[in-house]
Amino acid sequence: MIKAKEQATYKLATIYKNKGLVDELIDLQKDILPLFIDFPKSKTAKIMRTLFDLTLQVEGRYQQLIDLSMHIIQWCDKESRSFLRMRIENKLAELYYKMEKYNDALQILTKLTYELKKKEDKQLLVESQLVESKVHHALENLPKAKAALTSVKTTANSDLHRAYLVAEIDMMSGLIAADEKDYITAYSYFYETFEGYRSMNQHEQAGHSFKFMLFSKIMNRQSEDSLNLINSAISLKYQNRSIEAMKEVAIANKQQNLLMFSKCTEVYKKELFEDIVIRRHFEYLYNNLLEDNLKKIIEPYSEV
């Protein structure tokens, strides 16, 4: 009976997802909670997490997902379902992170991490510490971002290393290395992330990682390598405006052409500056190009 209800729930949720009935998918998760009252707690947690992850695939519904998270957490508190509550709290913290509500995210994570350490739930502890690292990184607090990531790597072991989690850890490691201006190490981590997502057939995430591979080459003044990657067979699946933007920036950087770089930032403003990390580093690149251009201007003169 439990198995039949579980399969029926998954099928209905998949139908809603495929037909774009997001409101119905969200309402489904609220309506079915009372039906699981007699289910084993671990089974309920598995079903609700699967449904929640399915809903997370829909972009631009963060506020609705936050409301859904609150609803599930309240139900968990009422029914003493701490196993499910902690998992949804971690998802809620990540939603706050995506909405740039960093203080709200940290408030949840501080309490959650303390609780998880007492319960020794290493898998979820790794996931929550990874979100914490992302939040501190977004706040440009590099020491705390590194400390959280170090905790992730310390807590994790071979038994916990799910492929998607390894890819996320590698991505975060690459971002922190980039912030330390170690673009060679950053590239290595982004490449590992790229290969990880490719092996899982996660096309969108692999494309995102490929973009950061190009970014790290550009920032390391290896624009020629970046252009070679763009023209290679490996890039064919990932050609889009973001890759076009990186190509134009690579050309501008190679030629040390400040005007071309400025035009790129106007034409590809969304692709280049929507991402807070790339925006931060390309401001640094602009300053470097400006400095190079000023040096060219004054180079012929013995006195200025």
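User: Where in the protein chain is confidence lowest, and where is it highest?
Analyst: It's lowest in helix α16 (residues 276–298), at a mean of 75, and highest in helix α10 (residues 183–199), at 95. Those are pLDDT values, the predictor's confidence in each residue from 0 to 100. Helices here are DSSP runs of H or I, at least four residues, numbered from the N terminus. This is a predicted model, where local features need pLDDT of at least 70, side-chain atom pairs need 80 or more, and totals for chains, interfaces and linings use all residues. Residues count from 1 along each chain as its sequence is written, and side-chain values use heavy atoms, leaving out hydrogens and water.

User: And what's the mean pLDDT of the protein chain?
Analyst: 87, with 94% of residues at 70 or more.

User: New topic: at what angle do α3 and α5 pack?
Analyst: About 20 degrees, with axes 8 Å apart; α3 covers residues 41–56 and α5 residues 82–98. Axes are lines fitted to C-alpha atoms over the stretch in contact, and angles run from 0 to 180 degrees between N-to-C directions. So α3 is roughly parallel to α5 (under 35 degrees counts as that).

User: Which residues in α3 and α5 meet?
Analyst: Among them are M48, F52 and L56 from α3, and F83, I88 and L95 from α5. Contact means heavy atoms within 4.5 Å.

User: How many aromatic pairs are in the whole structure?
Analyst: Ten. Rings of Phe, Tyr and Trp (its six-membered ring) pair if their centres lie within 6.5 Å. F215 and F282 make a tilted pair, 6.1 Å centre to centre with 50 degrees between the planes; planes under 30 degrees apart are stacked, over 60 edge-to-face, and the rest tilted.

User: Why does that pair tie together parts 67 residues apart in sequence?
Analyst: Because F215 sits in helix α11 (residues 203–219) and F282 in helix α16.

Notes: Helix = DSSP H or I, 4+ residues; strand = E, 2+ residues; numbered from the N terminus. Parallel < 35°, antiparallel > 145°, perpendicular 65-115°, else oblique.
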